[in-house]
Amino acid sequence: MAKKENKVYGILAEFDNPAELLHAAEKVRDAGYKRFDCHSPFPIHGMDEAMGLKRSPLGWMVGFMGMTGAGLGTLMQWWMNAVDYKLVISGKPFFSYPAYVPVTFGVGVLFAALTAVFGMFHLNRLPMLHHPVYYSDNFGKVTDDGFMISVEATDPKFDAQATKSFFESIGAKSVELLQPE
Amino acid sequence: MEFDSLNKKLEEKGSNGKLALILGIIGLAASAFGYFQAEEQFYFSYLTAFFFWGSIALGSLFFTMVKHLTNATWSVVLRRISEAFMAFLPLMVIFFIPIIFGMKQLYHWTDVEAVKHDALLTKKAGYLNTTFFYIRSAVYLIVWTVLARVLYKASVRQDTEGHSEALDKKIKGTSAAGIILFALTLTYAAFDWLMSLDPHWFSTIYGVYIFGGAFLAAICSITLVALSLESKGILEGVITTEHHHDLGKMMFAFTVFWSYIAFSQFFLIWYANIPEETIWFLHRVEGSWKTVTLLLVYGHFLVPFLLLMPRFVKRRSTALKVMAIWILFMHWVDLYWNVLPNFSKHGMHFHWLDLSTMLGIGGIFVWHFWKTYRANSPVPVNDPKLSASIEFTNF
């Protein structure tokens with residue numbers, strides 16, 4: 001039990017300002033870490049690149065699902081109006097596709113919007129009920145004036161002592177191990 | 001100033017301005033010859049070409065004003081391009097003259113005898129009469145000329161005098177009043193010059209429809225100039241891929257806007273199915289006109305809509321250039337489809353005058369653009385937002 005309590009789940013390093021955080025992120029990226037994250041009170045320009053993040057695939061997901069929605073919307077109306085319940089409306093053909101455009105558009109947007117929201121949740125691994133950074137008492141500062149980098153123990157390159165001294169060598173103000181108290 | 005050397009480079013590397021002028025004169029001469037061959041065809045072809053090139057200048061006027069009003073940063077490096085396009089507006093006064101001579105051939109409502117025996121046209125005569133038409137056209141042309149001149153001069157003054165509160169106020173004030181005047185004049189110009197070709201027909205959304213196409217054409221033209229500067233190595237690091245990307249986004253957005261308005265116009269008329277409204281679309285699905293209509297649906301909407309969606313298309317110069325040229329071509333098809341069915345009613349008949357009038361006015365338009373663009377610094381050097389515009393990046 002005592003052994004488990006002392007398990008290290010990650011490392012949290014604090015930096016002085018956004019510029020240092022950005023440069024530190026570049027060094028962490030170049031050192032080959034994959035499962036790390038940067039925390040700051042506001043977005044920092046160029047951070048995606050500094051962290052070596054790829055472009056989010058969300059746009060392609062939304063595009064694909066939007067088109068799927070539009071296709072299904074058309075199919076639904078065709079089935080309703082031209083197959084299942086035929087009604088003559090102002091003398092037009094059963095399959096009057098111009099009339100379907102607003103609903104097709106609407107279903108397309110609905111699919112795209114839902115994909116955008118839930119795809120974002122999925123890509124951000126949400127909902128996430130707990131994260132090692134919450135073991136730190138210091139972490140609350142990132143909503144105010146803290147600029148921090150966390151590395152998770154699941155990272156293949158992670159080693160509690162080596163990573164700790166790595167952060168100290170790149171100029172972290174303070175480094176702490178993330179473990180239950 | 002570092003941009004002085006750029007200006008010189010622009011001069012040296014040339015911009016085919018002279019070639020455009022020569023082609024323009026040849027085009028105008030050929031069109032004048034065509035006038036004696038096929039008078040009526042000449043007027044309809046001429047009106048299409050006149051409005052095509054005019055719409056690029058008008059769209060650029062809107063681009064300039066809306067960027068001033070929104071205090072936009074990204075577009076500052078592109079401002080001189082849109083200003084040089086809108087500088088064509090005063091020339092529209094001269095190019096309007098042939099239309100005055102063609103009133104009888106172009107506009108059925110000028111025929112006083114026919115109007116007398118036409119209940120609908122008699123009721124419209126209070127608005128659709130020659131005198132009022134001339135007054136209105138003069139108002140549009142004067143408003144556009146004044147707006148273009150005032151905005152252009154104030155912008156150039158910023159280069160020599162430096163930025164000042166007073167100048168900023170003048171530019172923004174002119175744009176604020178100008179954008180309202182622009183909306184009204186463009187709407188009524190579209191009604192008068194294009195919609196009244198078929199005097200029985202009416203559509204209240206028509207002005208917005210013409211505006212959508214005009215602004216789209218302006219964005220494509222600005223993009224083409226930006227890309228041509230890039231290919232000559234001019235303004236390297238000033239107008240960058242980031243600016244091309246944003247222009248691509250605007251192209252995509254206004255492709256959708258035009259399609260939305262065009263479909264809205266069609267949709268309500270198709271749904272209500274009232275003969276006096278559907279007749280306009282009936283003329284456009286008759287014979288070979290149906291092919292042109294379908295070409296617009298696929299070429300003006302579906303193809304650019306799908307192709308402009310991915311990010312890499314907007315960031316690759318060649319792809320963006322192809323899209324800009326294609327959409328400009330489609331804009332011409334759109335105007336052709338609006339004007340020419342009033343002349344060749346039962347199917348499309350391409351005439352060489354359609355080409356020569358485009359070449360004639362277009363040559364002068366392109367020549368005038370490069371002349372104006374070269375006359376000043378290629379970017380507004382004293383704009384306080386300039387460095388932010390150069391450094392701008394997309395996420």
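Me: How many helices and strands are there in chain A?
Reply: This is a predicted model. Chain A has six helices and four strands. Read from the N terminus, its elements follow the order α-β-α-β-α-α-α-β-α-β.

Me: Why is chain A more spread out than a compact globule?
Reply: Compare its radius of gyration with the globule rule. For 181 residues the rule gives 16 Å, and chain A comes to 25 Å, well over that value, so the chain is more spread out than a compact globule. The C-alpha trace of chain A spans about 80 × 40 × 30 Å along its principal axes.

Me: How many helices and strands does chain B have?
Reply: Chain B has 18 helices and zero strands. Apply the globule rule again. Chain B has a radius of gyration of 21 Å, close to the 21 Å given for 395 residues, so chain B is as compact as a globular protein of that length. Its C-alpha atoms fill a box of roughly 70 × 40 × 40 Å along the principal axes.

Me: What are the mean pLDDT values of chain A and chain B?
Reply: Chain A averages 91, with 97% of its residues at 70 or more. Chain B averages 92, with 96% of its residues at 70 or more. Then go down to the elements. In chain A, helix 1 (residues 2-5) has the lowest mean pLDDT, 54. Helix 5 (residues 97-123) of chain A has the highest, 96. For the model as a whole, ipTM is 0.82 and pTM is 0.90.

Me: How much area do chain B and chain A bury between them?
Reply: The size of an interface is often given as the accessible area lost when the parts come together. Here chain B and chain A bury about 1,000 Å² between them. Carbon and sulfur atoms account for 76% of that area. In residue terms, twelve residues of chain B contact eleven residues of chain A.

Me: How many residue pairs are in polar contact between chain B and chain A?
Reply: Two residue pairs are in polar contact, both at pLDDT 80 or more. Helix 12 (241-272) and helix 15 (311-315) of chain B each supply at least two residues to the side of chain B that touches chain A. Helix 12 of chain B gives the largest share, five residues. By class, that side of chain B has ten nonpolar, one polar and one charged residues.

Me: How many salt bridges are there between chain B and chain A?
Reply: Side chains of opposite charge can pair when their charged atoms come close. Between chain B and chain A the count is zero salt bridges. Over all chains the count is 16.

Me: Where do B:Glu83 and B:Arg80 lie?
Reply: Both are in helix 4 (residues 79-86) of chain B. They sit three residues apart, about one turn of the helix. B:Glu83 forms a salt bridge with B:Arg80, and their closest N and O atoms are 3.0 Å apart.

Me: Now the backbone. Which residues does a cis peptide bond join in chain A?
Reply: Most residues other than glycine have a negative phi, and most peptide bonds are trans. The cis bond joins A:Leu126 and A:Pro127, with omega about -5 degrees. A:Pro127 is in the loop between helix 5 and strand 3 (147-152) of chain A.

Me: What is phi of A:Ser90?
Reply: Phi of A:Ser90 is near 45 degrees, a positive value in a residue other than glycine. A:Ser90 is in the loop between helix 4 (58-84) and helix 5 of chain A.

How values were computed
Residues numbered from 1 in each chain as written. Chains lettered and ligands numbered in written order. Heavy atoms only, no water. pLDDT = per-residue confidence, 0-100. Contact = heavy atoms within 4.5 Å. Buried area = accessible area lost by both parts, 1.4 Å probe. Salt bridge = Lys/Arg side-chain N within 4 Å of Asp/Glu carboxyl O. Polar contact = N/O pair within 3.5 Å; in protein donor to acceptor, adjacent residues only side chain to side chain. Nonpolar A, V, L, I, M, F, W, Y, C, P; charged D, E, K, R; others polar. Rg over C-alpha atoms; globule rule 2.2 N^0.38 Å.
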